[in-house]
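Welcome! Please take a moment to look over the sequence and the 3D structure shown here before reading on.

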Amino acid sequence: MRQSKSVIICGGGVIGLSCAYYLAREGWRVTLVERNAEGTDSCAHGSAGYISPSHVEPISAPGMVWKGLKWMMSSRSPFYIKPRLDSDLIRWGWLFARHCTEQHRRRSAPVLRDLCLGGRKLFVELSDITGDAFELKQEGLLNLCQLPETLDKYTHGLATLCNEVGIEARVLDAAQTAALEPGAKLKVAGAIYFPIDAHISPRLFVPALTALLKDMGVKFSWNTSVYGWRAEDGRIAGVSTTAGDLVADEYVLAGGSWSPSMVRDLEIKLPMQAGKGYSLTLERPRLQLTKSLILTERRVAVTPMGDKLRFGGTMEISGHSDTVRPERVEQIIAGARAFFPEMTAADFAGVKPWFGYRPVSPDGLPYIGRLGRYANLATASGHAMLGLTMAPVSGLLIAEVLAGRKPSVDLSLLNPNRYA
């Protein structure tokens, strides 16, 4: 049924833009509010660009508590939590530890599968609509393993889990892996190959989707910050912004890692930490890759994007700190050189590191649905490292929730009030 109601979306990253698209497609009068200027960098811009149905394992996986405690001791570790006295961080850490169980892993996998498969299907549709403006490549993903024991662990771990939930995972030896990526010399024992995975160029996707929204009549309020809300009788009556008070029938919170602070005055609790990730993009790489890769032991992602090649990784829980830690960038470079013996430090000379803040929930699952006791306030946030993969399906789910239809993905585990 076509809508004629109005909605304000607070946040203009890939999640907010996707919500705007699917709501506008159904006839909603959409206004998108974003604190930055149009074209400003966002969390997705420097990401690996993965569209990854293979990512069915939540970040709060078994064994992560002990790994996390060990990694906390080194700012060079793949998952670094900067120790600090912060009540939100302490609560988040406690909730994270509670979910690092096999039961949570297996319960979450089907939901993550449905979200990621739904996102992939919608990316294909958007690619057709935009004339492949964002370079969708459906070449699969390789989890490269240097050590035989790592390959064995992933064979009996992630690969088995993926196959159990219907995501094809093939175990390859070194020769089979090299045959799939002949454009680079690899130092590996083998790989897990996920044929259904894909990747895009996110710096092309954001402007392509923004242009599409403008053609659909979506209104944008750039350089506009949200600083308060007006609530009446269990509903949001207005949102206070630096551009004045804005009023609509419905409101959607899509502020990424800033979402919890945006609704704190409403006494809504969204446990979340900003997980800083880094990337380095080579303009003229010596490697000619076709597939997205994960350098498993080093936790580094590698993605060909047109003529460029991006290396990204690390998870740093240190708040919204704009400090670039050189040792974390060095670990990405060291990982690249370990897996690609032809690469040298000179390949990365002069490359400016990028960083962005992933919104990380303690259980590794996003928050999607109606928020708290307010009948006309919903959220799509907390997607951690899967924000790009899940962006379109999150937008579709929000459109379904606001329209009162049965969501196309079961939202039971994604209830944004689960920690209220």
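The report below begins with the whole chain and then visits some of its residues.

## About the model

This is a predicted model, in which local features need pLDDT of at least 70, side-chain atom pairs count only at pLDDT 80 or more, and totals for chains, interfaces and linings use all residues. Residues are numbered from 1 along each chain as its sequence is written, and side-chain values use heavy atoms, with hydrogens and water left out.

## The chain as a whole

The protein chain holds 11 helices and 20 strands; these are DSSP runs numbered from the N terminus, with helices (H or I) of at least four residues and strands (E) of at least two. Its C-alpha atoms fill a box of roughly 65 × 45 × 45 Å along the principal axes.

Of the 420 residues, 58% are buried. Here buried means under 20% relative accessible area, exposed means over 50%, and partly exposed is in between (1.4 Å probe, protein chains only). Among the contacts with a separation of 6 or more, 76% join residues 24 or more positions apart, where contact means heavy atoms within 4.5 Å.

Arg-328 belongs to helix α10 (residues 326–339). Is Arg-328 buried or exposed? With a relative accessible area of 1%, Arg-328 is buried. Its side chain reaches the backbone oxygen of Met-315 at 3.3 Å. This is a polar contact, meaning a pair of N or O atoms within 3.5 Å; within protein, one must be able to donate a hydrogen and the other to accept it, and residues adjacent in sequence count only if both atoms are side-chain atoms. Beyond neighbours within four places in sequence, Arg-328 touches several residues, including Phe-79, Tyr-278, Thr-314 and Glu-316.

Two of these contact partners deserve a visit. Tyr-278 sits in strand β14 (residues 273–282) and counts as buried at 2% relative accessibility. The side chain of Tyr-278 reaches the backbone nitrogen of Arg-325 at 3.2 Å. Thr-314, in strand β17 (residues 308–317), is buried with a relative accessible area of 11%, and its phi is near 75°, a positive value in a residue other than glycine.

## Aromatic rings

A pair of aromatic rings is described by the distance of the centres and the angle of the planes. Rings of Phe, Tyr and Trp (its six-membered ring) pair if their centres lie within 6.5 Å; planes under 30 degrees apart count as stacked, over 60 as edge-to-face and the rest as tilted. The count comes to 14 aromatic pairs. Phe-79 and Phe-96 have ring centres 6.0 Å apart and planes at 70°, so this pair is edge-to-face. The pair links distant parts of the chain, with Phe-79 in strand β4 (residues 79–81) and Phe-96 in helix α3 (residues 87–98), 17 residues apart. Phe-79 is buried at 4% relative accessibility, and Phe-96 is buried at 6%.

Phe-123 and Phe-134 also form an edge-to-face pair, 6.1 Å centre to centre with 75° between the planes. Both of these residues are buried. One aromatic cluster is formed by Trp-258, Tyr-278, Phe-355 and Tyr-357. Lys-276 lies over the face of Phe-355, at 5.0 Å from the ring centre; a charge sits over a ring if NZ of Lys or CZ of Arg is within 6 Å of the ring centre and within 35 degrees of the ring normal.

Asp-173 is found in strand β6 (residues 170–173) and is partly exposed, with a relative accessible area of 38%. A polar atom of the Asp-173 side chain lies 3.2 Å from the backbone nitrogen of Ala-175.

Asn-223 lies in the loop between β9 (219–221) and β10 (226–232). At 52% relative accessibility, Asn-223 counts as exposed. Asn-223 has a positive phi of about 55° although it is not a glycine.
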